[in-house]
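Me: I'm new to this one. Can you walk me through it?

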Amino acid sequence: MKGIVFTEFLEMVEEKFGLETLDFIIENSNLKSKAIYTAVGTYDAAEMFELIHNLSEKSDIAAGNLIYAYGHYFFKKLVESHANIFEMYTSPIDLLNAIESHIHVHVRKIYKDAELPSFDVIEKSDTKITMIYQSERSLYMFAKGLMEKTFEHYGKNATVNFEVLDKFGKRVKFEAILNE
């Protein structure tokens, strides 16, 4: 998992939960990296799950809800770092439709060893997009948060529904529908 995902997560924890909580989750995690992350480094995803688990324990917020909130938080980093991509698309549905064909291609140019989820678009119209998310990491709630913020970024209101297709959350069907 790319380091930027870790560095931004730790920033979110400090900002939303405070330095004491950040210290707690780091100290109570068995991290090979010792929580010394660089944005361009690559780290074991198990470290992220351990940090999330410890934050869940400390905050009494379900891990899935924390991952979802982190998707919302991380979106602003994407806009700051890659504003040009958001400017290329005039609608959130068009941007979501381009995840595999454009956005992930761009990400792989920057981070050659990035392990990204896949998004297979199975239906698209001007008001709706249906995709199958697939990832070994099961971070579909992170993806849901990013999708919601994408619509918000374009000034659109949408409902983003999902259906977990396997018991581990590695395959998830998303349906995003513009609210008129």
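What follows is a short chat about the sheet, some helices and a few single residues.

Me: What kind of model is this?
Reply: It is a predicted model.

Me: Start with the sheet. How many strands form it, and in what order?
Reply: There are 4 strands in an open sheet. The order is β1-β2-β4-β3, and the pairing is antiparallel.

Me: Which strands stand at the edges?
Reply: β1 (118-124) and β3 do. Each has a single partner strand, so one side of each has no neighbour in the sheet.

Me: What's the twist from one strand to the next?
Reply: It averages 20°.

Me: What holds paired strands together, in general?
Reply: Strands of a sheet pair through backbone hydrogen bonds.

Me: OK, pair by pair. How many bridges link β1 and β2?
Reply: β1 and β2 have 6 bridges, in the antiparallel sense. In that pair, Lys124 stands opposite Ile129 in β2.

Me: Which helix packs on the sheet?
Reply: That is α8. Helix α8 touches β1, β2, β3 and β4. Its direction makes about 165° with that of β3.

Me: And how many bridges join β2 and β4?
Reply: Strand β2 covers residues 128-134 and pairs with β4 over 7 bridges. The sense is antiparallel. Met131 stands opposite Phe174 in β4.

Me: What about β3 and β4?
Reply: Strand β3 covers residues 158-164, and its pairing with β4 has 7 bridges. This pairing is antiparallel too. Val164 stands opposite Val172 in β4.

Me: How many residues lie between the strands in that hairpin?
Reply: The hairpin of β3 and β4 has 6 residues between its strands.

Me: Why every second residue?
Reply: In a regular strand the side chains alternate between the two faces of the sheet.

Me: Now helices. Where do α3 and α4 sit relative to each other?
Reply: Helix α3 is residues 45-59 and helix α4 is residues 63-81. Their axes come within 9 Å and cross at roughly 110°. Angles of 65 to 115 degrees count as roughly perpendicular, so α3 and α4 are roughly perpendicular to each other. The crossing is right-handed.

Me: Which residues make that contact?
Reply: From α3, they are Ile52, Leu55, Ser56 and Ser59. From α4, they are Ala63, Leu66 and Ile67. The contact of α3 with α4 divides into 5 nonpolar, 2 polar and no charged residues.

Me: At what angle do α1 and α4 cross?
Reply: Roughly 105°, with the axes within 10 Å. Helix α1 is residues 3-17. The two helices are therefore roughly perpendicular to each other.

Me: Which residues meet there?
Reply: In α1, they include Ile4, Val5, Glu8 and Phe9. In α4, they include Leu66, Ala69, Tyr70 and Lys77. The residues of the contact of α1 with α4 divide into 10 nonpolar, no polar and 6 charged.

Me: Tell me about Lys77. Is it buried, exposed or partly exposed?
Reply: Lys77 is in helix α4. Its relative accessibility is 23%, so Lys77 counts as partly exposed. Buried would mean under 20%.

Me: Which residues does Lys77 contact?
Reply: Ile4 and Glu8, leaving aside neighbours within four places in sequence.

Me: How far apart are Lys77 and Leu51?
Reply: They are 26 residues apart in sequence. In space, they are 20 Å apart, C-alpha to C-alpha.

Me: New topic: Thr21. Where is it, and is it buried or exposed?
Reply: Thr21 lies in helix α2. Its relative accessible area is 10%, so Thr21 is buried. Thr21 touches Val13, Leu55 and Lys58, not counting residues up to four places away in sequence.

Me: Last one. Which residues other than glycine have a positive phi?
Reply: Lys34 is one of them, with phi near 60°. Lys34 is in the loop between α2 (19-27) and α3. At 62% relative accessibility, Lys34 counts as exposed. Ser138 also has a positive phi, of about 55°, although it is not a glycine. Ser138 is found in the loop between β2 and α8 (140-153).

Note on methods. Residues numbered from 1 in each chain as written. Predicted model: local features only at pLDDT ≥ 70, side-chain atom pairs only at ≥ 80, totals over all residues. Heavy atoms only, no water. Pairing = 2+ DSSP bridges. Axes fitted to C-alpha atoms, helices over the stretch in contact; angles between N-to-C directions. Parallel < 35°, antiparallel > 145°, perpendicular 65-115°, else oblique. Left-handed = near helix turned anticlockwise from the far one by under 90°. Contact = heavy atoms within 4.5 Å. Nonpolar A, V, L, I, M, F, W, Y, C, P; charged D, E, K, R; others polar. Buried < 20%, exposed > 50% of the residue type's maximum accessible area, 1.4 Å probe, protein only.
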